[in-house]
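Thanks for coming, everyone. Let me put the structure up, and then we'll walk through it.

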Amino acid sequence: MSQHIETKKVTTSTVRQMKAAGRKIASLTAYDAAFARVLDRAGIDFILVGDSVGMVVQGHGSTIPVTVDDIIYHTRMVGRGVERAMVMADMPFMSYASAEDCLKNAARLMKEGGAEIVKLEWGALQLDMVSRLTECGIPVCAHLGLTPQAIFKYGAYRVQGREPDTAVKMRADAKALEEAGADMLLLECVPAPLAAEITAAAHVPVIGIGAGMAVDGQILVLYDILDIAPGKRTRFSKNYMAQVGSIHGAIEAFVAEVREQRFPTAEYSFS
Ligand code: KIV
């Protein structure tokens with residue numbers, strides 16, 4: 001069932017070409033070399049060393065306690081497991097609250113962790129930080145919609161962009177982030193029609209998690225698809241372990257369903 005044919009290293013330019021060619025981008029999180037190797041061989045295009053590590057590996061109730069050192073540690077391990085996939089590292093809570101910290105910590109993730117692109121959550125992230133990272137040659141993915149680092153501000157994990165004013169703002173933010181130099185956008189828990197509009201307007205790849213089928217690619221938390229994450233599974237993530245019954249099979253099924261646009265169906269999307 002493996003869809004993996006290409007062996008060339010994935011970069012930001014590869015994912016941009018994939019968007020242009022209409023080939024869907026498949027991504028999962030991973031936190032160690034063993035899983036990274038399995039994902040890489042299954043054809044995953046980029047692996048996110050997400051701050052979800054705090055919840056699914058470290059056992060915290062949120063992503064807030066995760067540190068830059070934690071992400072560096074896990075990014076190093078993931079880097080040892082991959083040959084083809086691009087490695088994206090999350091900037092943890094408060095690691096980019098000032099422009100100085102943002103640059104210093106993004107540089108650490110690349111120099112010490114081996115990250116090839118960093119992801120930051122919009123809200124704490126400022127446009128001039130994106131420009132500065134870009135000037136320094138640090139690729140950036142900007143995470144919009146539901147940004148879990150702001151959970152104590154939201155009070156609960158909810159779909160974002162349902163009200164007309166928040167939808168207008170999200171469209172404008174996406175455009176401004178792209179203009180500031182963001183190489184990729186990630187939309188979490190966004191109504192599918194809004195995500196489709198943002199994707200059509202963007203020149204950079206837009207990756208969705210709970211953002212419907214029309215985005216350029218999909219990402220899920222690995223431990224959710226393997227049904228080993230603590231707590232209740234989010235509505236937008238699919239239990240591929242229940243569907244396929246093996247770790248390798250579950251990951252390959254996810255890649256195949258993303259490529260063939262069989263995931264996410266309406267059951268895993270928001271209107
Ligand atoms: O940390 C993470 O795993 C993420 C995904 C939910 C996109 O940011």
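At what angle do the axes of helix H2 and helix H4 cross? First, some ground rules. This is a predicted model, where local features need pLDDT of at least 70 and side-chain atom pairs count only at pLDDT 80 or more, while totals for chains, interfaces and linings use all residues. Residues are numbered from 1 along each chain as its sequence is written, and side-chain values use heavy atoms, with hydrogens and water left out.

Now the answer. H2 covers residues 33-41 and H4 covers residues 68-81; their axes cross at roughly 45 degrees and come within 7 Å. Helices here are DSSP runs of H or I with at least four residues, strands are E runs of at least two, and numbering starts at the N terminus. Axes are lines fitted to C-alpha atoms, for helices over the stretch in contact, and angles run from 0 to 180 degrees between N-to-C directions. H2 and H4 are therefore oblique to each other. As for the cut-offs, under 35 degrees is roughly parallel, over 145 roughly antiparallel, 65 to 115 roughly perpendicular, and the rest oblique.

Who makes the contact? On H2, Ala33, Ala36, Arg37 and Asp40; on H4, Met77, Val78, Arg80 and Gly81. Contact means heavy atoms within 4.5 Å.

Next pair. H4 and H5 pack with axes 9 Å apart, at an angle of about 20 degrees. That makes H4 roughly parallel to H5. Val68, Asp69, Ile71 and Ile72 of H4 meet Asn105, Arg108 and Leu109 of H5.

On to the ligand. Which residues surround the ligand? Among them are Thr29, Gly50, Asp90, His143 and Glu188. To be listed, a residue needs a heavy atom within 4 Å. For Ser52, the distance is 2.5 Å. For Lys119, it is 2.8 Å. For Asp51, it is 3.0 Å.

Last, the backbone. Most residues other than glycine have a negative phi, and most peptide bonds are trans. Met94 has a phi near 65 degrees, a positive value in a residue that is not glycine. Met94 sits in the loop between strand E3 (86-90) and helix H5 (99-111). Then there is the bond from Phe263 to Pro264: it is cis, with omega near 0 degrees. Look for Pro264 in the segment after helix H12 (247-259).

Technical notes. Polar contact = N/O pair within 3.5 Å; in protein donor to acceptor, adjacent residues only side chain to side chain.
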